[in-house]
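Visitor: I have a structure open here and would like to go through it with you, if you have a moment.
Guide: Gladly; let us bring it up and take it one topic at a time.
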Amino acid sequence: MTADTLSHRHLFVPATDPGRPPLLLLHGTGGDESDLVPLGRAVAPGAALLSPRGAVLEQGRPRFFRRLAEGVFDEADVERRAHDLADFIGEAQARYGLTAPVALGFSNGANIAAALLWLRPEVLAGAVLLRPMVPLAKPPSGGLEGRPVLILSGSADPIVPAENAARLAGRLTEAGAALTHRTLPASHGLTQRDLDLATEWLAAR
Ligand code: MLT
């Protein structure tokens with residue numbers, strides 16, 4: 001495991017199964033680059049794992065972009081940080097010899113992954129978005145033709161209204177993504193069913 005810096009502090013775990021696409025792990029609010037490594041190992045055994053730490057601090061807790069309140073995002077910052085993260089992915093691909101990764105993001109990490117799909121679709125081969133919401137009011141204009149995306153929502157999620165998750169799914173579909181959206185009997189936290197569905201979906205890529 002490497003904890004080199006590039007433009008983002010991050011961990012890198014080399015592949016033991018080079019047939020699998022690399023995973024870009026994006027943690028939730030208050031997490032860090034080590035948080036999702038066990039999840040990445042569980043859902044995509046043998047894949048290279050690239051796990052950056054969110055560059056924004058909210059009362060000392062790392063995130064991937066600023067928010068004004070719960071669920072109210074600083075959209076200029078979302079855009080800026082998504083471009084910074086896309087540039088980091090390019091740096092990491094060159095450093096570690098990686099193909100375009102599939103994002104695996106939880107909560108705030110899923111939201112920045114959705115913003116990456118919106119703004120820099122070329123940097124991701126696909127995405128698993130765990131409990132995401134719409135990151136930007138203005139929908140993407142396309143650019144996701146055939147890109148595989150899995151959204152897993154929770155029917156009892158107190159942070160993400162069902163309407164918001166459905167709107168995100170609709171916008172990604174309109175932009176051309178090959179989208180699967182499942183709503184599980186769950187809250188904002190992940191369940192074994194999330195892991196099973198993510199594992200199956202990733203194995204089919
Ligand atoms: C966000 O701020 O990205 C979402 O509200 C999810 C969270 O981090 O709580």
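Visitor: Which residues are around the ligand?
Guide: Bearing in mind that this is a predicted model, the residues around the ligand are Thr29, Arg63, Phe65, Arg67, Glu70, Gly71, Phe73, Ser107, Asn108, Asn111 and Ile159.

Visitor: And by class, what does that shell have?
Guide: The shell around the ligand is made up of three nonpolar, five polar and three charged residues.

Visitor: How many Å is a polar side-chain atom of Thr29 from an oxygen atom of the ligand?
Guide: For Thr29, the distance from a polar side-chain atom to a ligand oxygen atom is 2.5 Å. A polar side-chain atom of Arg67 lies 3.1 Å from an oxygen atom of the ligand, and for Glu70 an N or O atom of the side chain is 3.1 Å from a ligand oxygen atom.

Visitor: How much of the ligand's accessible area does the protein cover?
Guide: On its own the ligand has 260 Å² of accessible area, and the protein covers 95% of that.

Visitor: Changing topic, where does the ligand sit?
Guide: The ligand sits in the largest pocket, for which the computed volume is about 180 Å³.

Visitor: Which lining residues are the closest to the centre of that pocket?
Guide: The largest pocket is lined by 15 residues, of which Thr29, Arg67, Glu70, Ser107 and Ile159 are the closest to its centre.

Visitor: What about the lining by class?
Guide: The lining of the largest pocket has four nonpolar, seven polar and four charged residues.

Conventions. Residues numbered from 1 in each chain as written. Predicted model: local features only at pLDDT ≥ 70, side-chain atom pairs only at ≥ 80, totals over all residues. Heavy atoms only, no water. Near = heavy atom within 4 Å. Polar contact = N/O pair within 3.5 Å; in protein donor to acceptor, adjacent residues only side chain to side chain. Areas by Shrake-Rupley, 256 points an atom, 1.4 Å probe, with all protein chains shown as cover. 1 Å grid on protein atoms, 1.4 Å probe; cavity = no way out; pocket = protein on both sides within 12 Å on 5 of 7 lines; lining within 4 Å. Sits in = over half its atoms within 2 Å of the grid points. Nonpolar A, V, L, I, M, F, W, Y, C, P; charged D, E, K, R; others polar. Points joined across faces, edges and corners; volume = space filled by probe spheres on them.
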